[in-house]
Amino acid sequence: MWTSSGLDFQTIFRLLHAGAAPNLCSKDLASRISSCLSPQTVIVTDTAIICLCLTLTEKIITRLSCQSLPQDVRIFCEDVMRSLFGKMNLMAKLISLFSCQDQLVSHLSAKCMSAYVINDICLNGSSCSLWIQTCSEVFQKSNPSSELDFCLWSLTAVIKGVLRADCQNKNDVLTKLLAALDADLICLYANILPKETMEPHKIKVKNLCKTKCVFFDLLEVLSAARLRCGVCSFVQRTIFIQSRALLHVMRADVDYLVKKRALLLLKRTLLRRAGEDWTLGDVHFAAHEDGRLTDDMLSMAKAVLQEVEAGWLKEVPVKTRASFFGGNCNVGLSGTQKDDVMLRALSLILLKSLEINIQFSCVKETQSNIDIQQYLTELISFLIRHGTTLSQDTHSCSWVYLVFAEQDDDMMESAKALIALYLYQKSLSSSDSGVCAWGCNPHCHFILLLRFISFDSSVLLDFLISTDTCFLEYCVRYLKLLCDDWMGFCRSCHHIEDCDDTTVTFKVLSDIAETSESSQMSVSCTRTSTVIDVRDSQVSHLVDYESSDESEEAEVSIFNSNTKVDSGRAVAEATFCPSVTALEQVQTEHVSEYLFGNVVVCLVDLRTAIARLHNRGLFPYNPTSLLKLLNNIEPKRNMVS
């Protein structure tokens, strides 16, 4: 800081942040900032001064977007900006800092420049020609460098800023911007992500790990612009049409983080959730979706299925306890853990691709049938291979909650997609026999979901009110299925309990072999417990997301412990009387009323709560259609003897 000139950058920053104008000439401040960032003085200037100068410049730019800014402060900031980006040509100086060896200086210069471009677009509807020209030249070269990385980052930040800004002509601005860079971005896409894995890379892959991650961020922003504004350039279509290149990243010689980012990009694109983590709750989509999006989504979905058929799942790596940044956590005494983020992403990519394909096949009758069972069987094999606990005494349909237990929105997306897959497969074979073997029975998914939340209707009510998940759509779909296939629901209740009884039988055999006084005492204690108590203690780990570790441990043990006390009386009697009669009693124990009754009671309680809130005008939307479906549940209870 140069106090000899009467300029204290820190003090000026604090004043502007507080909404006050500094007591100095705007031209003097602009001159000092410009000289501090000149190429001749950057080499000899302290890095801390340069960073502070860049941060102050960005603050001046961003303050102009504040609606409640005092008039004197606005005039001061406008005068400084006019001087800096006019005669002093600060834009050229910022661009020259992209190649600075100090990464912090380069990053702050990119932030400062991007803030100016966003402000210029929102105020004047046009972007800086020098900035566009620089990005175009760097993208054409496609050489691994800090310039390429920061140009990609800057373009991403600009598009993201325009999407989030209160700008009336977003569509026109983004269309014009992408038209100027479209050809260069397509060239860059081909260089960073070759179409075929056997094609020689034009640039070394290992030097592109950082560039690929930044490029994936840009591709996600481009997808978000297409969904939210209806902007459709050729490079935005390339993301879908040439999505096979993203899938091939799994077999490329790149860091694990890059492969993870590629999968997350595919997942968010297929789910139409691109940009969900930075839109600040803005979920509004384009009023008029571009006509090619449906075909492009189908193209991406087909590419996924073709790669899976070619053995793609065998090439997807899943590290042990891998963090998002690519490192590994130390595995504790609990044994090998799994990267749930990777497993969830891959599972949803396959499920959504199948759903999109069957939707298209229903429209195009000439479309060949899709073998849902083959794909889901291969998916479950992949999940088991990478640490998902699905033992012989675990219901196959429980894989959904073992994988998605920590992520409600992904869980509901998967359950919703599985309903569509189930109905499609049933329409082909007119039978749902054996559907549980490959984990695609929506009745089982719903029953297991309610059991996981201890049949608490208030949890379902929270899901219905919240906009964080697609539970409302899933709930409506399932309730329609439930009304049409009530006996299928009843069979699922018995099927889940049969799996529980099998677990209990194995437990009894073990207890009989080790009968002793101590075991009798332990069973006596067990007999005083209730089923609800035990399940509540297990489910608490799933609904309390304060600790991911606790939730993962609950995933492993939830199914093994669900049924150990379900038939506590039978277990106790079998232990006290080790005979064949005792074993038969355990195997034939009829507990269907427990599971069936709890599901019905939960849905009836949900209906009562929704109706009460709706009558008081407290429900956030009109639940009439939902209530009609819930009203059909209680009368159907009499259909079961």
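**Entry 1: ground rules**

Helices (H or I, at least four residues) and strands (E, at least two) are DSSP runs, numbered from the N terminus. With that in hand, I looked up Ser146 and found its place in helix H9. I keep in mind that this is a predicted model, where local features need pLDDT of at least 70 and side-chain atom pairs count only at pLDDT 80 or more, while totals for chains, interfaces and linings use all residues. Residues are numbered from 1 along each chain as its sequence is written, and side-chain values use heavy atoms, with hydrogens and water left out.

**Entry 2: the whole protein**

I looked up the secondary structure and found 31 helices and 0 strands. Of the 641 residues in the protein, 54% are buried (under 20% relative accessible area; exposed is over 50%, partly exposed in between, with a 1.4 Å probe and protein chains only). The accessible surface comes to about 28,600 Å², and carbon and sulfur atoms hold 51% of that (Shrake-Rupley method, 1.4 Å probe; for residues, only the protein chains shown count as cover). I also checked contacts (heavy atoms within 4.5 Å): among those with a separation of 6 or more, 75% join residues 24 or more positions apart.

**Entry 3: back to Ser146**

Which residues does Ser146 contact, leaving aside its neighbours within four places in sequence? I found Phe98, Ser99 and Gln103. Gln103 is 43 residues from Ser146 along the chain, and their C-alpha atoms are separated by 8.3 Å.

**Entry 4: H9 and H11**

Two packed helices are described by the angle between their axes and the distance between the axes. Axes here are lines fitted to C-alpha atoms, for helices over the stretch in contact, and angles run from 0 to 180 degrees between N-to-C directions. H9 (residues 146-164) and H11 (residues 209-229) have axes that come within 9 Å and cross at roughly 20°. H9 and H11 are therefore roughly parallel to each other (angles under 35 degrees; over 145 is roughly antiparallel, 65 to 115 roughly perpendicular and the rest oblique). In their contact I noted, among others, Leu152, Trp153 and Ile159 of H9, and Val214, Phe215 and Leu218 of H11. By class, the contact of H9 with H11 has 14 nonpolar, 2 polar and 4 charged residues (Ala, Val, Leu, Ile, Met, Phe, Trp, Tyr, Cys and Pro count as nonpolar, Asp, Glu, Lys and Arg as charged, and the others, Gly among them, as polar).

**Entry 5: two other helix pairs**

How do H11 and H12 cross? The axes of H11 and H12 (residues 234-241) come within 10 Å, at roughly 110°, which makes H11 roughly perpendicular to H12. Their contact includes Leu219 and Arg226 of H11 with Val235 and Phe240 of H12, and it divides into 6 nonpolar, 2 polar and 2 charged residues.

I then turned to H17 (residues 372-385) and H19 (residues 408-429), which pack at about 140° with axes 10 Å apart. That makes H17 oblique to H19. Ile372, Gln373 and Leu376 in H17 meet Leu418, Leu421, Tyr424 and Gln425 in H19, a contact with 5 nonpolar, 2 polar and no charged residues.

**Entry 6: positive phi in two loops**

Asn89 is not a glycine, yet has a positive phi of about 50°. I placed Asn89 in the loop between H5 (71-84) and H6 (90-96). Phe455, also not a glycine, has a positive phi near 55° and lies in the loop between H20 (442-452) and H21 (457-465).

Is each of these buried or exposed? Asn89 is partly exposed, at a relative accessible area of 38%. Phe455 is buried, at 11%.
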